[in-house]
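Please open the structure in your viewer and keep the selection panel at hand. The stops below say what to select next and what is there.

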Amino acid sequence: MNSDDGLTFFKTSYSSDRVNCVEVAHIPTKFRKSVHSGAGENCVEVADLACGAAVRDSKNPAKGHLAFDSAEWAAFLHSTRGLS
């Protein structure tokens, strides 16, 4: 199943034809360090998504990421502006 934001959703291996289930989609991401990060320091990385943003720990990128929709990400950025 395709959605308007370019993601392709699929049923998990635990799904069956008779049961409604939650579908998942792989979110392609390209993470980058914040402009507030110093050279060689551990930091939080961010990736732009069609529907918001994702963040992950630069020390443990294989542990996954947290995705935020556009409204959540905008609220976070608004609340943190000027906090340096």
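**Confidence before the tour**

The protein has a mean pLDDT of 75, and 62% of its residues reach 70 or more, pLDDT being the predictor's confidence in each residue, from 0 to 100. This is a predicted model, in which local features need pLDDT of at least 70 and side-chain atom pairs count only at pLDDT 80 or more, while totals for chains, interfaces and linings use all residues. Residues are numbered from 1 along each chain as its sequence is written, and side-chain values use heavy atoms, with hydrogens and water left out.

If you colour by confidence, look at helix α1 (residues 70–80), where the mean is highest at 89, and then at β2, where it is lowest at 70. Helices (H or I, at least four residues) and strands (E, at least two) are DSSP runs, numbered from the N terminus.

Select A47, which is found in strand β4 (residues 44–49). A47 is buried, with a relative accessible area of 0%; buried means under 20% relative accessible area, exposed over 50%, and partly exposed in between (1.4 Å probe, protein chains only).

Next, show the side chains of D48 and R32, which form a salt bridge whose closest N and O atoms are 3.4 Å apart. D48 lies in strand β4 and R32 in strand β3 (residues 32–33), so this pair ties together parts that are 16 residues apart in sequence. A salt bridge here is a side-chain nitrogen of Lys or Arg within 4 Å of a carboxyl oxygen of Asp or Glu, and by this rule the count comes to 3. D48 counts as exposed at 54% relative accessibility, whereas R32 is partly exposed, with a relative accessible area of 39%.

Then select E45 and R56, another salt bridge, with the closest N and O atoms 2.7 Å apart. E45 lies in strand β4 and R56 in strand β5 (residues 52–57), so the pair ties together parts that are 11 residues apart in sequence. E45 counts as buried at 12% relative accessibility, while R56 counts as partly exposed at 23%.

Move on to D57 and K59, whose side chains meet in a salt bridge (3.2 Å, N to O). D57 is partly exposed, with a relative accessible area of 29%, and K59 is partly exposed too, at 48%.

**Two cysteines**

Select C43, which is buried at a relative accessible area of 12%, and C51, which is partly exposed at 31%. How many disulfides does a search of the whole structure find? The search finds 0, a disulfide being a pair of cysteine sulfur atoms within 2.5 Å.

**A surface patch and an aromatic cluster**

Show the surface and select F10, V22 and V24, which form a nonpolar patch with about 280 Å² of accessible area together. V22 is found in the loop between β1 (9–11) and β2 (23–25), and V22 counts as exposed at 65% relative accessibility. Patches are made of residues with over 30% relative accessible area and no salt bridge, like charges being joined within 9 Å and nonpolar side chains (Val, Leu, Ile, Met, Phe, Trp, Tyr) within 5 Å. Accessible areas come from the Shrake-Rupley method with a 1.4 Å probe, and for residues only the protein chains shown count as cover.

Finally, select F68, W73 and F76, which form one aromatic cluster. A search of the whole structure finds 2 aromatic pairs; rings of Phe, Tyr and Trp (its six-membered ring) pair if their centres lie within 6.5 Å, and planes under 30 degrees apart count as stacked, over 60 as edge-to-face and the rest as tilted.
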